[in-house]
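Take a look at the structure below.

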Amino acid sequence: MEMKWLLTSAFTQMFGYSNQIDQARNSISTRNKIKMMKKEEYPSGFQVPLHYPKYSKSDYEAMDDLSLDLLLKQYGICFEGSLEDKRVFAMESFLWPDQL
């Protein structure tokens with residue numbers, strides 16, 4: 001089960017392949033809204049935060065727009081979209097499949 005998830009995840013990241021049509025449609029619309037931060041926005045150099053976010057699904061659902069923007073900015077991601085789109089993106093990015 002874990003190996004299947006790992007391979008599916010790897011193929012999705014590398015080739016955009018997904019065996020679920022809804023995920024594919026969602027990722028295409030989400031991909032257009034994601035923008036990586038530019039080098040100029042990190043004059044001293046970008047560093048990935050030391051710890052992985054430890055929020056639960058309910059925490060992400062209760063987060064306001066500013067908190068989500070700050071969390072994503074820490075990881076070098078600028079997301080343009082509605083609050084609900086940001087919440088879904090953050091949950092898909094930072095929660096494990098069994099936590100969704």
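Here are the main points, grouped by topic.

This is a predicted model, so local features need pLDDT of at least 70 and side-chain atom pairs count only at pLDDT 80 or more, while totals for chains, interfaces and linings use all residues. Residues are numbered from 1 along each chain as its sequence is written, and side-chain values use heavy atoms, with hydrogens and water left out. Helices (H or I, at least four residues) and strands (E, at least two) are DSSP runs, numbered from the N terminus.

**Aromatic pairs**

- The whole structure holds four aromatic pairs. Rings of Phe, Tyr and Trp (its six-membered ring) pair if their centres lie within 6.5 Å; planes under 30 degrees apart are stacked, over 60 edge-to-face, and the rest tilted.
- One of the pairs joins Tyr-52 and Phe-94 edge-to-face, at 6.0 Å centre to centre and with 75 degrees between the planes. Tyr-52 sits in the loop between β1 (34–36) and α3 (57–62), and Phe-94 in helix α5 (residues 83–94), so this pair ties together parts 42 residues apart in sequence.
- Are these two residues buried or exposed? Buried means under 20% relative accessible area, exposed over 50%, and partly exposed in between (1.4 Å probe, protein chains only). Tyr-52 is partly exposed because its relative accessibility is 41%. Phe-94 has 7%, so Phe-94 is buried.
- Tyr-55 and Tyr-60 also pair: their ring centres are 5.6 Å apart and their planes stand at 70 degrees, so this pair is edge-to-face. Tyr-55 is partly exposed at 38%. Tyr-60 is buried at 0%.
- Tyr-52, Tyr-75 and Phe-94 are linked by ring pairs into a cluster.

**Salt bridges**

- How many salt bridges does the structure hold? There are two. A salt bridge is a side-chain nitrogen of Lys or Arg within 4 Å of a carboxyl oxygen of Asp or Glu.
- Lys-86 meets Asp-65 in a salt bridge of 2.9 Å, N to O. This pair links distant parts of the chain, with Lys-86 in helix α5 and Asp-65 in helix α4 (residues 65–74), 21 residues apart.
- Lys-86 is buried, because its relative accessibility is 5%. Asp-65 has 34% and counts as partly exposed.
- Lys-86 also meets Asp-69 in a salt bridge, at 2.7 Å, N to O. Asp-69 in helix α4 and Lys-86 in helix α5 are 17 residues apart. Asp-69 is partly exposed at 29%.
- Shared partners join Asp-65, Asp-69 and Lys-86 into one network.

**A buried charge without a salt bridge**

- Arg-87 lies in helix α5. Arg-87 is buried yet has no salt bridge. (Lys and Arg count as positive, Asp and Glu as negative; His and the chain ends are not counted.)
- Which side chain of opposite charge is nearest to Arg-87? It is Glu-84, 4.1 Å away.
- Contact means heavy atoms within 4.5 Å. Leaving aside neighbours within four places in sequence, Arg-87 is in contact with Tyr-60, Glu-61, Ala-62, Met-63 and Leu-68.

**Nonpolar core**

- A nonpolar core is a set of buried Ala, Val, Leu, Ile, Met, Phe, Trp, Tyr and Cys residues joined through side-chain atoms within 4.5 Å.
- The largest core has 13 residues, and Tyr-60, Leu-71, Leu-72 and Phe-94 touch the most other members.
- Helix α4, strand β2 (77–79) and helix α5 each supply at least two residues of this core. Helix α5 gives the most, with four.
- Leaving aside neighbours within four places in sequence, Leu-72 is in contact with Ile-77, Phe-79, Phe-89 and Phe-94.
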